[in-house]
Amino acid sequence: MNDQTHVMAESGLIITDYRIPDAIMVPHYQCDLTPLLEEIASRVSRYCGVILLSSDSAFSQAYIETRKRQDHFSIVTAAFDSPWIRDRSPVAIKVKGAVRWCIPLAVQDERPNDNQLFHTICATKHPLSPIPFLPQGNMVVGNRGLMLVCNDVLKHNHFSLNDLEHCKAALGIRHWLVFSGFSKEMTGHADVHVRVLKANLIAVAWNLSSKQDRNRCESLIQKIRAYDETIEVIKIPIRSDGNRYGSLVNWLQIGKHLLLPRYDITEKCDIVETRELLSQHGFTTEFIYSPTLHYAGSLHCLTASIYI
């Protein structure tokens, strides 16, 4: 085994997005999104464990006591600034039958508690991502260490593609697939654009409101096919209004079950088409109304998948 192979073996392999998490963390506190957060937690509890990230344990315990599956819930109490916890959540990497975590940096001065959140609640210290700015919302993980990221990772870090290559081993990545995001989308996060459903199936957000976005999506599809021509790509219809993107692919996946957001700009025909398309591939779907267009995120962004 040469030195490079040895490093790769030691680093492990980043866990795919479609692996069922041990639990899903949902922020829980009194805010304008509380009804949505509680609906997410309730739906998730049917399929796996729920960790409520709470700033008020009594408030969260009172909610749990209204649920049918109370044993599926637990509470972690900590201070946080916003419900957008995905970006600070640990990256899970499988190493020799165990899981190690790497914590993204994504430091923003206006969110000091969020920046420290997972350092605060983790029982032990974990290494930081080698990339200064790579929020987990911009990390969509496929089979065999494939990592899809919008090119914001290059812009924000003043990186070249070669710089990214040097960071692969620490994150358990085997191949970077960097693509251009939608023209007016605010976050620059991959999980608004593309998701991996299983080893040979990827879904892309097909924006019926913008030809320019569809052209960019076609470029992404070509990159996926160039990487592995056996991967099937399906187009999930979405809509946008200026910089407000109602992306249905910002879903939560728990095995073969998908919880999808539905927005004010989502058309009924898009829901019907999406249900049928995903059903053809063996997935069941539930839609949750998401009043989050002006926040530029939804179900996936509001939660964290926890692997232990």
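Which helix holds Asp270? Asp270 sits in helix α9, spanning residues 268-280; helices here are DSSP runs of H or I with at least four residues, strands are runs of E with at least two, and both are numbered from the N terminus. The model is a predicted one, so to speak of local features takes a pLDDT of at least 70, side-chain atom pairs count only at pLDDT 80 or more, and totals for chains, interfaces and linings use all residues. Residues are numbered from 1 along each chain as its sequence is written, and side-chain values use heavy atoms, with hydrogens and water left out.

Asp270 has a relative accessibility of 2% and so counts as buried. The scale calls a residue buried under 20% relative accessible area, exposed over 50% and partly exposed in between, with a 1.4 Å probe and protein chains only. Contacts, meaning heavy atoms within 4.5 Å, link Asp270 to Leu208, Pro237, Arg239 and Leu248, once its neighbours within four places in sequence are set aside.

Next comes Arg67, found in the loop that runs between α3 (57-64) and β4 (73-77). With a relative accessible area of 25%, Arg67 is partly exposed. Leaving out residues up to four places away in sequence, Arg67 touches Ser42 and Phe73. Ser42 is 25 residues from Arg67 along the chain, and their C-alpha atoms are separated by 7.3 Å. The two side chains also make a polar contact, at 3.1 Å. Such a contact is a pair of N or O atoms within 3.5 Å; within protein, one must be able to donate a hydrogen and the other to accept it, and residues adjacent in sequence count only if both atoms are side-chain atoms. Thr66 joins in as well, with a polar contact of 3.1 Å between its side chain and that of Arg67.

Now for a sheet. Three strands make up an open sheet in the order β1-β5-β6, with antiparallel pairing. At the edges stand β1 and β6, each with a single partner strand, so one side of each has no neighbour in the sheet. Two strands are taken to pair if DSSP finds at least two bridges between them. Strands of a sheet pair through backbone hydrogen bonds, in either a parallel or an antiparallel way.

Strand β5 (residues 91-95) is largely enclosed by the rest of the structure, because four of its five residues are buried. On one side, β5 pairs with β1 (residues 13-14) in the antiparallel sense over two bridges. Here Ile14 stands opposite Ile93, while Leu13 has Lys94 as its bridge partner. The antiparallel pairing of β5 with β6 (residues 98-102) runs over five bridges, and there Lys94 is partnered by Val99. β5 and β6 form a hairpin with two residues between them, and Lys96 in the turn has a positive phi of about 50°.

Finally, the charged pairs. A salt bridge requires a side-chain nitrogen of Lys or Arg within 4 Å of a carboxyl oxygen of Asp or Glu. By this rule the model has nine salt bridges. One of them joins Glu286 to Arg46, with the closest N and O atoms 3.3 Å apart. Glu286 belongs to strand β16 (residues 284-289) and Arg46 to the loop between α2 (34-44) and β3 (49-54), so this pair ties together parts that are 240 residues apart in sequence. Glu286 is buried, with a relative accessible area of 13%, whereas Arg46 is partly exposed at 39%. Both belong to a network of salt bridges that links Glu39, Arg43, Arg46 and Glu286.

Another salt bridge brings together the side chains of Asp228 and Arg144, at 3.6 Å from N to O. This pair links distant parts of the chain, 84 residues apart: Asp228 is in the loop between α8 (211-227) and β12 (232-241), and Arg144 in the loop between β7 (140-141) and β8 (146-150). Asp228 is buried, with a relative accessible area of 15%.

Lys235 and Glu218 form a salt bridge too, their closest N and O atoms being 3.1 Å apart. Lys235 lies in strand β12 and Glu218 in helix α8, 17 residues apart. Lys235 counts as partly exposed at 32% relative accessibility, and Glu218 is partly exposed as well, with a relative accessible area of 29%.
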